Structures are given as structure tokens and as C-alpha cells.
Amino acid sequence: MNVTGVGAVFARGRGVRGLEAALREGWVAPSRRPVASSPGSMIPVYSVEEKTIVDKAVLKKMRRADRFSKMAVLAAWDAVQDGGIEIDEAGASLGIILATAFGPQVTAFRFLDEIIDHGDGSVSPTLFSHSVHNAAASYVASALGNHGPTLTVTQFGLSFHQALILARAWIHEGRCEQVLVGSVEECGTVMEYICSRRLGIAEDGRISPFEFSPSPLAVPGEGSVFLLLTGEERDEKYCELRGVFLDDESGEGEPDLRILDADGMSEDETCYQEIAGQDVLIGAYSPLLGSMLTGSAFHCAVAAVMLRNQTLYACPVQENPHAVPVCTSTEEKKLERVQCVRYSCLRERAVIELGR
């Protein structure tokens, strides 16, 4: 499969240009929010600014949509346009697969609050309809005028990997010519509270992916990213998606770069040291994006941009106590293969391999 379009909405902006700008600029301190039920406490969060998800042209029919759906629609819209598809011509040839770990949990908790405060007979049906996981994917299909297959995949840390596997199957079976695959996560007050209680939080806002710590630190993040995939060979493309490997499988030979998804969301990140100690250049870009269980989708987009631009981007946080070969500067470089590696909470390894 070939990656022909990329769209993103994240803490530093929107679109491929926003992603490239963030990669070149490097680390910027996240915003800070008060922690619910803990007066006086603050937590660093890579949150999407409201001005980033204001686009009247794209969202004109989504007046009642929540932030979760709006982020997904804008990232998907940008990926389709970046891939050169006419929005009103996608028809049934385009499939849509959205991956998420927690779904629209902000809206879901609002719905529960309404039941507690007013009873189940007085809850807004609109609020209920937006609280289900598939609402965002439905909004994406509606915004694009798409009539192809649409599906939402949830599996916590590896949902995006499963979405890519499904996309390959759809294209191979001829179900659709192209597939729009992406992820979306939202960080609300409940999630911030849970993170502050269950995770170690980097109070200075700096995720340290090369610490390989048995008790890593996280900074909650949110956003959406989509890749437009096709089985056709095209001159104008980012790269080739060569495979998704699970259960300690991997592609043949060593890649030019391994991007680690270490972002503090696992209880133990010492497992990353096993692959970082090999003689392969290592990168990690979660300090630009924040900690998300579906952060692999963002790293996949970063790898696609690198392969298209034939450029290595410096890691935003470079503390390297184990002296592994880290990418420390932004420079042009011939890149043929890039792997994105994630370990789940159960220490299952998943590898996404992209090539030129």
C-alpha cells in the first residue's frame, strides 16, 4: 500500500505543514490545566487549541458535533485533499477506518453526568448519539460525502495497527480503491485526573523517551491524524506502507531509522532498550505530540514525511543516558526504510514498516 495523503490536528497546529514546522522547531512546553478534584494542582497537557478546530467551510454541517469528532473530521479532510481526491467524488471507492483507545470519553462522561443530575428521561438524545465510539467516523463519512465502508476499531495501545491490517485486507480484496486510516484521542478533565493518579507525570512537560525507565513519565496529549492509503502505484506519494508486524515479527534486514513510541503510557519502558541498543539510528517524537495510546499513528505520519522529504528530523528531547544512537540534528539523508516500534502495556511488540 502507498501513503498518498496525510492530515493531522495536534497541539502544535494542523496539517502536514504544521507537522513539519513542529519537527523543525523542536520541543515547546505544553499548556497546564488544573486537575479536577484536586484544588491547586496543575498538570501539563498537549492540548489542541480551540482556534485549530474552527473551520466553517469544513464544519458547516457539524454545528452540534463535539471536539472529538471535529478533530477527526479536519484531519481526515486534510488527508483526502493532500492525496488529491476531489471531496465530492470519493463515492463508494473510499473506505474509512478510525482507531481510538478511549473514544469520545469527554462526551460520554457528560452524558453520564446528565443522567445523574436530571434522570435518564431528560438526557439530550444528541449527547447520547455523540457518546458512542462510531460517531466520529460517521461524521467523517458525512463530511466527505462518502458511501464506502466505515468502521471504528478500538484496542487500546494497538488499535491503529489493527486498523492498518484491516485497511490492507480491504484493498487486497477489492472492497475499495483507497482507505482513509486514522486515529483520534481527546484529553478531558476526567482523563487528566486519571493520568495524574495512575501515571507518573513529567512536571516540566518533557517526555524523555530515551530514559527506558521502569517508571516512565508521561504528558497527556490529544489530537487526530489520518493517512490516505491506496494499492495503486503513484508517482506523487509519501512512501510505501510495507507491513505491520506483531508478536516479535519484523521486516527483513535493519531499517535506516527506528522511531520509538515510548511516551510514558506504559508502566515499564525498559523493553525499548533491547532494540535501541542495536546499531540503528533511533528517533522519538512523542515530546511534540503528548502521550497517547494511539500515538503510533502520529509517528507513522512523521515517518511518511521523513521518507517523502528524505530528511531526518532531530529528536525534540535528546537526553540519552544509555548512549544509544539518537538522531540529534535535522539533515537531509537518503532513507529507504523506517520502522515505528511500540510496546503495549502487556509488552507486546508491534512494528509498522514504511519504505521509499
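Colleague: Which helices each supply at least two residues of the lining of the second largest cavity?
Modeller: This is a predicted model. The lining includes Ser286, Leu289, Gly295 and His299. Ser286 and Leu289 fall in the range 286–289, while Gly295 and His299 fall in 295–309. The helices that each supply at least two residues are therefore, with those ranges and helix limits as defined, H10 and H11.

Colleague: How much space lies in that second largest cavity?
Modeller: Asp261, Asp263, Met292 and Arg342 are also among its lining residues. By class, the lining has 2 nonpolar, 4 polar and 3 charged residues. The space in this cavity is about 30 Å³.

Colleague: How do the residues lining the largest cavity divide by class, into how many nonpolar, polar and charged?
Modeller: Glu185 and Glu186 are in the lining, and Glu counts as charged. Gly221 and Ser291 are there too, and both types count as polar. Others in the lining include Phe102, Cys187, Met191, Pro220 and Leu293. The division is 8 nonpolar, 2 polar and 2 charged.

Colleague: H11 also packs on helix H1. At what angle do H1 and H11 pack?
Modeller: H1 covers residues 15–25. The axes of H1 and H11 are 11 Å apart. H1 is roughly perpendicular to H11, a class that spans 65 to 115 degrees. The packing angle of H1 and H11 is about 85°.

Colleague: Which residues in H11 does H1 meet?
Modeller: H1 brings Val16, Leu19, Glu20 and Leu23 to the contact. The residues of the contact divide into 6 nonpolar, 1 polar and 2 charged. On the H11 side they meet Ala301, Val302, Val305, Arg308 and Asn309.

Colleague: Turn to the rings. Is the pair of Tyr272 and Tyr343 stacked or edge-to-face?
Modeller: A search of the whole structure finds 4 aromatic pairs. In this one the ring centres are 5.1 Å apart and the planes lie at 85°. Planes over 60 degrees apart count as edge-to-face. The pair of Tyr272 and Tyr343 is therefore edge-to-face.

Colleague: How many residues apart are Tyr272 and Tyr343?
Modeller: Tyr272 sits in helix H9, residues 272–276. Tyr343 sits in strand S16, residues 337–343. The pair links distant parts of the chain, and the separation in residues is 71.

Colleague: Now the pockets. What is the volume of the largest pocket?
Modeller: Its lining has 17 residues, with Phe102, Phe156, Met265, Leu293 and Cys345 nearest the centre. By class they divide into 11 nonpolar, 3 polar and 3 charged. The volume of the largest pocket is about 480 Å³.

Colleague: Which helix gives the most to the lining of the second largest pocket?
Modeller: This pocket has a volume of about 180 Å³. It is lined by 10 residues, and Val58, Lys60, Lys61, Ser142 and Ala143 lie nearest its centre. Two elements give two or more residues, helix H2 (56–59) and helix H6 (135–144). With 3 residues, the one that gives the most is H6.

Conventions
Residues numbered from 1 in each chain as written. Predicted model: local features only at pLDDT ≥ 70, side-chain atom pairs only at ≥ 80, totals over all residues. Heavy atoms only, no water. 1 Å grid on protein atoms, 1.4 Å probe; cavity = no way out; pocket = protein on both sides within 12 Å on 5 of 7 lines; lining within 4 Å. Points joined across faces, edges and corners; volume = space filled by probe spheres on them. Helix = DSSP H or I, 4+ residues; strand = E, 2+ residues; numbered from the N terminus. Axes fitted to C-alpha atoms, helices over the stretch in contact; angles between N-to-C directions. Parallel < 35°, antiparallel > 145°, perpendicular 65-115°, else oblique. Contact = heavy atoms within 4.5 Å. Phe/Tyr/Trp six-rings, centres within 6.5 Å; stacked < 30°, edge-to-face > 60°.
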